[in-house]
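Me: I would like to learn how to read features in a model such as this one. Please take them one at a time, with the general idea before the case.

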Amino acid sequence: MRDITVFSGSAHPELAAEICAQLGTPLHPVQVHRFANDVLEVQLQANCRERDVFLIQPLVPPVQEHLVELLLMLDAARGASAARTTVVMPHYAFARSDKKDAPRISIGARLVADLMVTAGANRVLAMTLHSPQVHGFFSVPVDHLHALRELAAHFRRYDLSNTVVVSPDLGNAKEAAHFARLLGTGVAMGAKQRFSDDRVVISSVIGDVAGKDVIVLDDEIAKGSTVIELLDRLREQGVRSVRVACTHGLFAGGAIERLSALPEVEEIVCTNTVPPPKPSDKLTVLSIAPAMAEAMRRIHDGESVSALFSAP
């Protein structure tokens with residue numbers, strides 16, 4: 001592909017390399033230097049002048065470090081006379097800070113979106129944002145992908161005649177209903193109340209799950225508190241089996257070990273939007289590189305990105 005230049009930050013270079021292999025274009029190097037006072041300096045080591053530049057950088061731990069690296073890459077691309085700079089952000093960690101639900105707190109998702117645009121972002125390509133309103137926090141065009149098709153293709157290998165998709169809360173119910181339509185199954189959801197980052201209570205499950213094979217679908221799993229709480233309710237309802245699916249498998253603080261240790265959990269499925277955790281017998285990691293690469297190609301060629309999801 002001519003006139004396209006792709007760079008990757010240090011957050012997830014393996015995914016960037018896979019995306020570039022799908023595109024058939026080289027992944028150009030980025031030099032990150034740290035001064036004695038701990039300040040970062042970034043140099044893009046390829047020509048950007050009048051090029052369509054894509055910067056691949058999911059915001060994963062250490063999130064603040066990777067954010068500053070991305071902002072410096074954006075500034076470097078703008079200073080190098082890039083024709084257009086697109087941030088390819090498979091995971092936007094700040095998306096969870098999307099509302100003012102307590103006094104005197106910041107709305108980090110909007111603030112960081114403004115920072116990216118100020119630094120030089122002309123466009124954003126994101127995957128499964130935490131909530132729909134985050135899309136509107138950006139003052140530049142956003143192409144918002146989801147991984148439901150990749151997840152559905154995986155689960156279609158199983159007998160789904162007795163299966164129901166369960167969302168842990170009402171906030172993810174729309175995505176769960178879409179996923180259930182892709183699989184041709186029923187849908188249920190948990191009634192969740194969150195008290196802190198790692199303390200949630202699910203009082204009940206809305207829908208028929210007794211004796212069912214359950215697929216729990218969430219957008220991301222961090223510490224796994226919500227899923228473990230939901231599994232307690234599902235166990236009380238007498239479900240037959242459980243498989244857990246998410247787009248962003250962060251699995252912080254030993255979450256993958258805790259989930260794998262539960263006997264009713266037969267499989268945990270995530271995508272590689274973030275660097276995958278240590279291998280587990282129950283963990284399956286699906287690649288979103290083909291979808292991201294196709295979206296980047298369509299952006300570069302001026303084609304519809306939403307058409308990627310128009311067919312079942």
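Me: Does D52 count as buried or exposed?

Reply: The terms rest on relative accessible area: buried is under 20%, exposed is over 50%, and partly exposed is in between, with a 1.4 Å probe and protein chains only. D52 counts as buried, because its relative accessibility is 7%. As to the source, this is a predicted model, in which local features need pLDDT of at least 70 and side-chain atom pairs count only at pLDDT 80 or more, while totals for chains, interfaces and linings use all residues. Residues are numbered from 1 along each chain as its sequence is written, and side-chain values use heavy atoms, with hydrogens and water left out.

Me: With which residue does D52 form a salt bridge?

Reply: Side chains of opposite charge can pair when their charged atoms come close. The criterion for a salt bridge is a side-chain nitrogen of Lys or Arg within 4 Å of a carboxyl oxygen of Asp or Glu. D52 pairs with R84, and the closest N and O atoms are 2.8 Å apart. Helices (H or I, at least four residues) and strands (E, at least two) are DSSP runs, numbered from the N terminus. R84 is partly exposed, its relative accessible area being 23%.

Me: How many salt bridges does a search of the whole structure find?

Reply: The search finds 19 salt bridges. One of them joins D38 and R34, with 2.9 Å between the closest N and O atoms. R34 is partly exposed at a relative accessible area of 38%. Another salt bridge joins R233 and E236, again with the closest N and O atoms 2.9 Å apart. R233 and E236 are three residues apart in helix 6 (residues 225-237), so about one helical turn separates them. R233 counts as buried at 15% relative accessibility, whereas E236 counts as exposed at 59%.

Me: Which residues are linked in a network of salt bridges?

Reply: The network links E294, R297, R298, D301 and E303.

Me: How do I read a helix pair, and at what angle do the axes of helix 4 and helix 5 cross?

Reply: Axes are lines fitted to C-alpha atoms, for helices over the stretch in contact, and angles run from 0 to 180 degrees between N-to-C directions. The axes of helix 4 (residues 148-155) and helix 5 (residues 173-183) cross at roughly 45° and come within 10 Å. Angles under 35 degrees count as roughly parallel, over 145 as roughly antiparallel, 65 to 115 as roughly perpendicular and the rest as oblique. Helix 4 and helix 5 are therefore oblique to each other.

Me: Is the crossing of helix 4 and helix 5 left-handed or right-handed?

Reply: A crossing is left-handed if the near helix is turned anticlockwise from the far one by less than a right angle, and right-handed if clockwise. Helix 4 passes helix 5 in a right-handed crossing. Contact means heavy atoms within 4.5 Å. On helix 4 the contact is made by L148, R149, L151, A152 and F155, and on helix 5 by E175, H178, F179, L182 and L183. Seven of these residues are nonpolar, one is polar and two are charged. In this scheme Ala, Val, Leu, Ile, Met, Phe, Trp, Tyr, Cys and Pro count as nonpolar, Asp, Glu, Lys and Arg as charged, and the others, Gly among them, as polar.

Me: Which residues does S8 contact, leaving aside its neighbours within four places in sequence?

Reply: S8 is in contact with P13, A16, L27, H28, V30, I56 and M73. S8 is part of strand 1 (residues 4-8) and is buried, with a relative accessible area of 9%.

Me: Where is N122 found?

Reply: N122 sits in the loop between helix 3 (108-119) and strand 7 (123-127). N122 is partly exposed, at a relative accessible area of 36%. Not counting residues up to four places away in sequence, N122 touches R84, T85, V140 and P141.

Me: What is the phi of E50?

Reply: E50 has a positive phi of about 60°, although it is not a glycine. E50 lies in the loop between strand 4 (40-44) and strand 5 and is exposed, with a relative accessible area of 58%.
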